[in-house]
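Reader: Hi! Could we go through the aromatic rings together?
Author: Happy to, here we go.
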Amino acid sequence: MLKNYLKIAIRQLRKQKMYAAIKIGGFALGIAACLLIGLYIKDETSYDNSYPDVDRIFRIVGFYAHDGKVDKGTDWPAPMSKAIQSDMPEVEFCGRMMPNNLMGHAGNDELRRADHVQNTYEQGFVYADQEMLNILKFPMVNGNTETALKEPYTMVISKSKADKYFPGQNPIGQMMILDNDKAHPYRISAVMADIPSNSHLHQYSFLMTLKGQEFWGGEQNNWGDYNYPIYVKVRQGTNIAELEKKLSNDILKNYLLPEALKEGMKDAEKQVAKFSLHLQPVKDINLYSYDIADETLHSDIRFVWLFGAIAAFILVIACINFINLSTAKSANRAKEVGLRKVVGSYRSSLINQFLTESLVYSLISFILGILIAWLLLPYFNTLASKSLAMPFGEWWFVPIILIAALIVGTLAGLYPAFYLSGFRPVQVLKGSISTGSKSPLLRNTLVVFQFTASVILVISTIVIYNQTHFILNRKVGFDKDQVMVLQGTNTLGDKSVKSFKNDLAKIASVKSVSISDYLPVSGTKRNGNTFFKEGRERLDAGVGGQFWQIDDTYLKTLGMKIVEGRNFSYDMADDTAGRTIIINQTLAKKLNLKKPIGARITNGGLFTVIGVVQDFNFESMRGDIEPLALHFGLSPSIMTIKFRGEDVQNTVANVSALWKQYSPDQPIRYTFLDEEFANMYNDVQRTGSIFTSFAVLAIIIACLGLFALSAFMAEQRSKEIGIRKVLGATVSNITALLSIDFVKLVFIAIAIATPIAWYGMNKWLQDFAYKVPLSWWIFVLSGVMAIAIALFTVSFQSIKAALTNPVKSLRSE
């Protein structure tokens, strides 16, 4: 019987080639999209599962409730880990990391072997306690996990870096020089396996010990500075909720409150009471840290849900095509069903027949979908910034594909099977069921659903691209064009870097040069300070903000405008002594400085305000401009060079030649400020590209179904069209007749999609402090596009039917 079912299914497939191709093609595209998104979701949900005893590993997150909102962060004072270890018997290990590039060699460095002279730029340096290795248990290729970071100036490097610098050798005991700091070489104590890409720590290749490390005098015993993410591994059976309460009570009461009272904080008890400590499972860091301020790279669970919903929508659209075409073609199968029932077929056997056909279509579609997904995977990896691979070698892949094909084929074929098998033989053979279009409610509903999903994706795509264009072209308060960002200049030393700056300024095509590694783009130095008006330290809550170190040409090089006062100058003794400060308009406003010039403010040191710089965006436009103070000094790991004129290539060549004279053993490394600015919004641009791709895919699948339905409707109404033509109807009359019903459905879809898309995009735009309005033209344009696409799709078949000679359709009458 099964053989007979398969034979009939293949016969039907060959008989209706166009409809079969559309069914299979639409199904395959939907399956390919689902497969790609499924790989993405699997990767995102697999993060940080590889550590031994992973369910007992947590990161400490601080909650600070104020002004109706909750700020979350992961930075803690240096001595807090020891306090937790000694006060909490439930904690087996407590360790710290220091990823902040303000501190020592964390972040990026120029690196070389002690016996070599050539520097190589490397990323992924982080300081860590020995306890971090005890917690995470990174597998070691060489060396001992238990002792690798116990001694000062030791370093654990990854296997790939060991192979790079010591090919075919055991690097244990070898010395490495960081940023030409020959006085403090680091000894390699262990080689760890590369941290897997599905770890929130995967960007780190060099773990430097915190043993004996003090970034300034008394720093390791200072409870007032928050710089260290802290991780804990709890003992088996620990009640996490109880431990969180105990942690909050102990740390706040015994350590943070006394420090706040010592510092003279206003309403210290009240302010400290707003804090609470929470344990975030390490497995949750990747997807559930979108509202936590930290130094790690991670994703967002909201995007996982969004992509999952898009995959479901596309698959449903593909299934709708199958159902629509199966029921629309019911007239072609009606007599077959009637005859089978007359000769004794049971309804169950007919249902099995139609389900078998559906499963054959599904299996072929899955095979084709896997091929399409494999071909599109490189493009999808670029879109999603991933390195996914098709899991052909995994044991679960084939069973899951077969089960999915069975489920999807059954669900898609269930309604057509029951619908077709339900025809009554008497009605069919009398000719009462002449077409499959007399009860079109379900088909119309499904078409509306298809286009509703497509229009939502189109509107979302336009809004995202509009917002991206707005961000990248908005005036941000500084000049980012033709500014070269030269990195790694700290290896020259303070004296040489000043000479290098002076020589750069002599190049004719260079307009201005500045030395500072605090720039208004992501990836450069940041810090956190609290500012007070002089004398108000114990009376006011203080204003949090940034405290940047710049030179006298910084504002000129970046085109920033001083709205009051003056710039820094080497001719002013107070400036060179570090007693003066320039603040932005936001800080002046938050400190309530009516006449800021000459005002004195403190952040631990005392400064006189000599200038106010116009506000500029130095972080993502998702947030408002923060308070900022600029003080005079040298922070030399980055130099910015403003070009004059259009001959960029020649200017770069001149700068490179001069760099080679100053640093022959270190290759020049540079970017441009406008590129760095654009990179801040890579995630927004990727989201736009992903929405565009899936919107196009959804429209293609929907149009395939619409094309087939319009062809079928034209075929079913061929005699009517012939009669109308004989009576004088024009081609345009016939085309309008066949198109109007479909256009009505698209209008309904637009009406449903518009409020849904408005709500979704309004929620998405709330993440941005600076955003475009949801203008009416976006919805009108999306609607016009949907109608135009539908008309184009339907018109092909409508015009073809209208041009057909009526003699062909009426010859049998």
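Reader: What separates Phe303 and Phe307 in helix α8?
Author: About one helical turn, because Phe303 and Phe307 are 4 residues apart in helix α8, residues 301-328. Helices are DSSP runs of H or I with at least four residues, strands runs of E with at least two, numbered from the N terminus. This is a predicted model, where local features need pLDDT of at least 70 and side-chain atom pairs 80 or more, while totals for chains, interfaces and linings use all residues. Residues are numbered from 1 along each chain as its sequence is written, and side-chain values use heavy atoms, leaving out hydrogens and water.

Reader: Thanks! Are those two buried or exposed?
Author: Phe303 is partly exposed at 26% relative accessibility, whereas Phe307 is buried at 6%. Buried is under 20% relative accessible area, exposed over 50%, and partly exposed in between, with a 1.4 Å probe and protein chains only.

Reader: Nice. Which angle do the planes of Phe478 and Phe616 make?
Author: 85°, with 6.3 Å centre to centre, so that aromatic pair is edge-to-face. Rings of Phe, Tyr and Trp (its six-membered ring) pair if their centres lie within 6.5 Å; planes under 30 degrees apart are stacked, over 60 edge-to-face, the rest tilted.

Reader: And what does that pair tie together?
Author: Parts 138 residues apart in sequence, because Phe478 lies in the loop between α13 and β13 and Phe616 in the loop between β20 and β21. Both Phe478 and Phe616 are buried.

Reader: New topic: where does the charged end of Arg669 sit?
Author: Over the ring of Tyr121, 3.2 Å from its centre. That term needs NZ of Lys or CZ of Arg within 6 Å of the ring centre and within 35 degrees of the ring normal.
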